[in-house]
Amino acid sequence: MLNIIWDLDGTLADSAADILDYLDLSLKEASVNVDDKIKPVRIGPPIDIMLKEAFPPGMLTEEKIAEVVANYRRLYDNSGFPATVPFDGIEEIISDSVNFTHYIITNKPNPASERIVRKLGWDKKIASLTAQYPRVEQRKSKAELFAGLIAGVGGDKSSFAGIGDVKGDCLAAKSNGITAIGVLWGAGTKEELADCSDYMFEDVGALHEFLLKAGSRR
């Protein structure tokens with residue numbers, strides 16, 4: 001049995017359209033010109049970090065960022081996540097409880113994470129969901145969240161694999177001594193993931209085949 005620790009956005013679920021739409025609405029409500037971005041919004045980190053990366057340094061004050069985040073939490077968390085869907089092929093993997101035990105660790109706060117998992121019908125298919133606290137001061141790093149989960153589950157670390165689409169996901173796995181798998185259908189690039197992942201996959205089918213072989217060796 002292979003214990004798989006999944007990231008959510010960009011790895012299991014294609015949530016980009018919903019996130020970007022509601023973020024734009026949140027910026028407009030806060031009277032921020034969305035055209036002032038100097039980089040595309042990079043999905044994966046917490047919203048405040050996404051904003052700091054996308055806009056010119058110092059342009060958004062901490063107060064303005066807090067306003068945008070509050071708008072986003074109100075709009076996005078209470079939406080029906082209409083455009084959020086599993087990536088093609090993911091459903092087959094996440095439904096397999098014979099070869100795998102599935103866990104999700106995400107930077108997305110509750111309650112949005114729980115509502116998305118329920119919407120996609122995964123609440124009965126995963127062993128646990130670990131999401132961030134909404135308040136910044138309560139956040140833990142992904143590495144800390146991985147450590148807590150691995151300690152709670154117990155057993156040989158070789159039975160774990162962490163899968164994600166950005167560098168932070170793979171570093172969280174590596175820092176905890178488990179297999180780090182990068183996927184290239186989310187926000188991360190091959191160059192970004194090359195130095196922090198043990199394996200990389202460009203399509204879900206190849207990942208599934210690898211996981212089945214890894215699970216059979218357990």
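This tour moves through a set of salt bridges and then to a pair of packed helices.

The model is predicted, so local features are taken at pLDDT of at least 70 and side-chain atom pairs count only at pLDDT 80 or more, while totals for chains, interfaces and linings use all residues. Residues are numbered from 1 along each chain as its sequence is written, and side-chain values use heavy atoms, with hydrogens and water left out.

**Stop 1: Asp 7, Lys 142 and Asp 169**

Select Asp 7, Lys 142 and Asp 169 together, since these residues are linked in a network of salt bridges, a salt bridge being a side-chain nitrogen of Lys or Arg within 4 Å of a carboxyl oxygen of Asp or Glu. Between Asp 7 and Lys 142, the closest N and O atoms are 2.9 Å apart. Asp 7 sits in the loop between strand E1 (2-6) and strand E2 (13-14), and Lys 142 belongs to helix H6 (residues 142-153), so this pair ties together parts that are 135 residues apart in sequence; helices (H or I, at least four residues) and strands (E, at least two) are DSSP runs, numbered from the N terminus.

Turn next to the salt bridge of Lys 142 with Asp 169, at 2.5 Å from N to O, which links helix H6 with helix H7 (residues 167-175) across 27 residues. Asp 7 is buried at 7% relative accessibility, Lys 142 is buried at 8%, and Asp 169 is buried at 5%, where buried means under 20% relative accessible area, exposed over 50% and partly exposed in between (1.4 Å probe, protein chains only).

**Stop 2: Asp 198 and Lys 174**

Asp 198 lies in the loop between helix H8 (190-194) and strand E8 (199-201), so the pair joins parts 24 residues apart in sequence. Asp 198 is partly exposed at 37%, and Lys 174 is partly exposed at 39%. By the salt-bridge rule above, the count comes to 14.

**Stop 3: helices H2 and H3**

Finally, select helix H2 (residues 47-54) and helix H3 (residues 62-77), whose axes come within 10 Å and cross at roughly 125 degrees; axes are lines fitted to C-alpha atoms, for helices over the stretch in contact, and angles run from 0 to 180 degrees between N-to-C directions. In contact (heavy atoms within 4.5 Å), Ile 47, Asp 48, Leu 51 and Lys 52 of H2 meet residues of H3 including Ile 65, Val 68 and Tyr 72.
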